[in-house]
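The sequence and the coordinates come first.

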Protein chains: 2
Amino acid sequence: MDGIKVIIFDDNDLLRDSITMLLQDNADFTLAGSYSHCLDVAENIMNTKPDVVIMDIDMPGMNGIEGVKLIRKNFPAVQILMFTVFDEDEKVFAAIKAGAGGYILKNAEPQNLLHAISEVYSGGAPMAPGIARKVLHHLQATLPEDQKDYHLSMREKEVLSLLVHGLSYKMIAAKLSITYDTVRAHMKKIYEKLHVSSMTEAVAKAINQKLFSAK
Amino acid sequence: MDGIKVIIFDDNDLLRDSITMLLQDNADFTLAGSYSHCLDVAENIMNTKPDVVIMDIDMPGMNGIEGVKLIRKNFPAVQILMFTVFDEDEKVFAAIKAGAGGYILKNAEPQNLLHAISEVYSGGAPMAPGIARKVLHHLQATLPEDQKDYHLSMREKEVLSLLVHGLSYKMIAAKLSITYDTVRAHMKKIYEKLHVSSMTEAVAKAINQKLFSAK
DNA sequence: TCAGGAATTACCAGATTTGGTAATTGATAT
DNA sequence: ATATCAATTACCAAATCTGGTAATTCCTGA
């Protein structure tokens, strides 16, 4: 009956107040805490057990990104909604990397904030339009290319994988219980198929083409 | 006065009809074309010059992902909104990689579709909640770790970079106009700093830690 | 001014990799 | 049944890499 339990971290007192009122006027939400800094973030969460945390980025003492990391590490079930004026790539991606579940901007309509809280609570990932576009573009750039198929045999993949993990021919031979010369034979085939002619090139190509997670 | 110009590709005739009606009832949108397959996608776009394309994935002849690639390649200004029943990672990421600007599901409210069209048109990236979450998670997983600093000197980075690009000691020496032995000296330092002891390990570590884009 | 790091060059000896050529066995495909 | 391919082993000679040790120059911070 008390709706989604929310706490907020923001050093702007006026903004915290207006959000407090916004949430109090709406039966779907309960404001369980409001803090001007996130130095005691773990304690605050322990005490209030929120469903959703609204987190500013620029705060004295500890910035919101660090706060997010702490929350994710200790309370993985809590959803975090970034609420900030920043829309630079650096902050956005740092927040996402830290584990934020949504990212909206302070110039948004109050109604959007409420909607975003609901959405992040129910497993969505509310993002300001420009942010979502940034995220999509970044993803487009990093997503693997259409994987070329180099027609490596099972054994060859096995050998290449070990090579990528730093083993020498001799070590690979030992690991696979085959002869040094057999490893060499496989390597020759691999070089041929990958169009390379040295271990370093093979490793670089294997990792870059994501033939292996390599780690 | 005729609003956002939309065309749609979907092999479900009933669905195309209902979207046709939906758009006709709304002055903010104009339906400029409706096709059951995207085999003639380039021609269709040439003729209709749409602002936004609504694209299904599963269609006879050519699937929507391929269609998206074609559109992106030839008409980069056109925004594409995926509209499909699929929410598997594979399809989602393939569509994003291909260049889709938004991704919503067919079980969404009609109102959401209209909203998504507006959003993708104005530079946003509308996504179904679950899709957005997938995207965020994927990004979290691929975003670079907090880069460890191996304290490599400028010269050492230079040498390592060339190594990653497949050059041998000799080639590196030539490229940098230094002696083979100098390259060796740098490599020894690099091995020490990266805690490795072979070229392959150095290359693997350099790429995995994203010291270089390596491509 | 002195210590320390970065960049450079040098040499030695041993380990490792590379390219070429060749052969055997077993499985698969036509 | 014949041809192709994967996996295996082998040997040679040349090229390349690795670890150790050492020295010089230049520049920078204490």
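Predicted model: local features only at pLDDT ≥ 70, side-chain atom pairs only at ≥ 80, totals over all residues.

## Relation between the chains

Chain B is superposed on chain A by a rotation of 180 degrees with 0.2 Å of shift along the axis, and the RMSD is 0.4 Å. The two copies are thus related as by a two-fold rotation axis. Within chain B, the residue that comes closest to this axis is Thr200(B), whose C-alpha lies at 2.7 Å.

Of the interface residues of chain B, 100% are also interface residues in chain A, so the copies meet through the same surface.

## The sheet of chain B

Chain B has an open sheet formed by 5 strands in the order S2-S1-S3-S4-S5, with parallel pairing. At its edges are strand S2 (29-35) and strand S5 (102-105) of chain B, each of which pairs on one side only. From one strand to the next, the twist averages 20 degrees.

One pairing can be followed down to its residues. Strand S3 of chain B, residues 52-55, pairs with strand S4 of chain B, residues 79-84, in the parallel sense over 4 bridges. Val53(B) has Ile80(B) in S4(B) as its bridge partner.

## A helix on the sheet

Which strands of chain B does helix H5 touch? Helix H5 (residues 110-121) of chain B packs on the sheet and touches S1 (4-9), S2, S3, S4 and S5 of chain B. The direction of H5 makes about 175 degrees with that of S5(B).

Methods. Residues numbered from 1 in each chain as written. Chains lettered and ligands numbered in written order. Least-squares fit on C-alpha atoms with pLDDT ≥ 70 in both. Contact = placed C-beta atoms within 7 Å. Pairing = 2+ DSSP bridges. Helix = DSSP H or I, 4+ residues; strand = E, 2+ residues; numbered from the N terminus. Axes fitted to C-alpha atoms, helices over the stretch in contact; angles between N-to-C directions.
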